[in-house]
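Trainee: I have a protein model open on my screen, and I would like to learn how to read it feature by feature. Could you take me through it slowly?

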Amino acid sequence: CLIEYSKGLEEFPIGGAVSLYNFSELEITNCIIRSNCAFYGGAIGCEYQSSPVITGNLLTGNYASVSGSPLYCSYSYPKIINNTITENHVLNSDAYIENGSIVNFISKPLLLGNIIWSNSNNYFLPVQIWEGKGFYTSLNDIEGGYAGTGNLAEDPLFNLAEPYPFSLSQY
């Protein structure tokens, strides 16, 4: 499926396309989630014991006004597996507001086998994941690197050709 052009603002500031509050019976698989925006979690927001399974998706071109351009987790435990998370942006211009592409506030997301690359924010430390847990973060390709087992910091060499611009090139 394609989820695009959704907004989570004002009354629903967390999660532009998908906003979860104390809900775990959700699987998002093989979707393109793009061009969404919210104050927190431009694409997906998980709050208070939410534990969705997010597998095999492309999250791109999402915007957060404050923090967590594609994903914001608060007191939650999502499983984020084999996704490509790229070209998402945090618009907050304050260099001292702690943020990253994936933001965790007292959360333990499982990050396994993802490509997390070319996401931007204005935080004075250029991080892709803020307050993640190394022991729940394994076998990912994360720009700038990250603690955990088997994580890489190698350019994924996206193909950039239509119709699948974020597929991996042969070399």
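This is a predicted model: local features need pLDDT of at least 70, side-chain atom pairs count only at pLDDT 80 or more; totals for chains, interfaces and linings use all residues.

Trainee: How many helices and strands does the protein have?

Mentor: Helices (H or I, at least four residues) and strands (E, at least two) are DSSP runs, numbered from the N terminus. In this protein the count is zero helices and 20 strands. The radius of gyration, taken over C-alpha atoms, can be set against the globule rule, which is 2.2 Å times the number of residues to the power 0.38. Here the radius is 14 Å, close to the 16 Å that the rule gives for 171 residues, so the protein is as compact as a globular protein of that length. Its C-alpha atoms fill a box of roughly 45 × 35 × 35 Å along the principal axes.

Trainee: What is the order of the strands in the open sheet?

Mentor: Two strands pair if DSSP finds at least two bridges between them. The open sheet of six strands runs β1-β5-β9-β13-β17-β20, with parallel pairing. At its edges stand β1 (2-4) and β20 (141-142), each with a single partner strand, so one side of each is left without a neighbour in the sheet. Within this order, β13 (residues 84-86) and β17 (residues 115-117) are joined by three bridges, and T86 has W117 as its bridge partner.

Trainee: Which strands pair with β7?

Mentor: Strand β7 (44-47) pairs in the parallel sense with β3 over four bridges, and it pairs in the parallel sense with β11 over four bridges. S19 has G45 as its bridge partner in β7, while E47 has S74 as its partner in β11.

Trainee: Which way do the residues of β7 point, and are they buried or exposed?

Mentor: In a regular strand the side chains alternate between the two faces of the sheet. In β7, I44 and C46 point one way and G45 and E47 the other, and all are buried. Buried means under 20% relative accessible area, exposed over 50%, and partly exposed in between (1.4 Å probe, protein chains only).

Trainee: Which residues have the most contacts inside the largest nonpolar core?

Mentor: In soluble globular proteins, nonpolar side chains tend to be buried together. A nonpolar core is a set of buried Ala, Val, Leu, Ile, Met, Phe, Trp, Tyr and Cys residues joined through side-chain atoms within 4.5 Å. The largest one here has 19 residues, and those with the most contacts inside it are I28, I33, I44, L71 and I102. Strands β3 (18-21), β7 and β11 each supply at least two residues of this core. Contact means heavy atoms within 4.5 Å, and, leaving aside neighbours within four places in sequence, the contacts of I44 include V18, I28, I33 and L71.

Trainee: How many aromatic pairs are there?

Mentor: Rings of Phe, Tyr and Trp (its six-membered ring) pair if their centres lie within 6.5 Å, and planes under 30 degrees apart count as stacked, over 60 as edge-to-face and the rest as tilted. A search of the whole structure finds six such pairs. One of them, Y40 with Y72, is tilted, at 5.0 Å centre to centre and 55° between the planes. Y40 lies in β6 (residues 37-40) and Y72 in β11 (residues 71-74), so the pair ties together parts that are 32 residues apart in sequence. Y40 is partly exposed at 28%, whereas Y72 counts as buried at 12%. The pair of F158 and F166 is edge-to-face, at 5.4 Å and 90°.

Trainee: Where is N83, and is N83 buried or exposed?

Mentor: N83 is in the loop between β12 (79-81) and β13, and at 1% relative accessibility N83 counts as buried. Beyond its neighbours within four places in sequence, N83 is in contact with several residues, including I54, N57, L59 and N114.

Definitions and conventions:
Residues are numbered from 1 along each chain as its sequence is written. Side-chain values use heavy atoms; hydrogens and water are left out.
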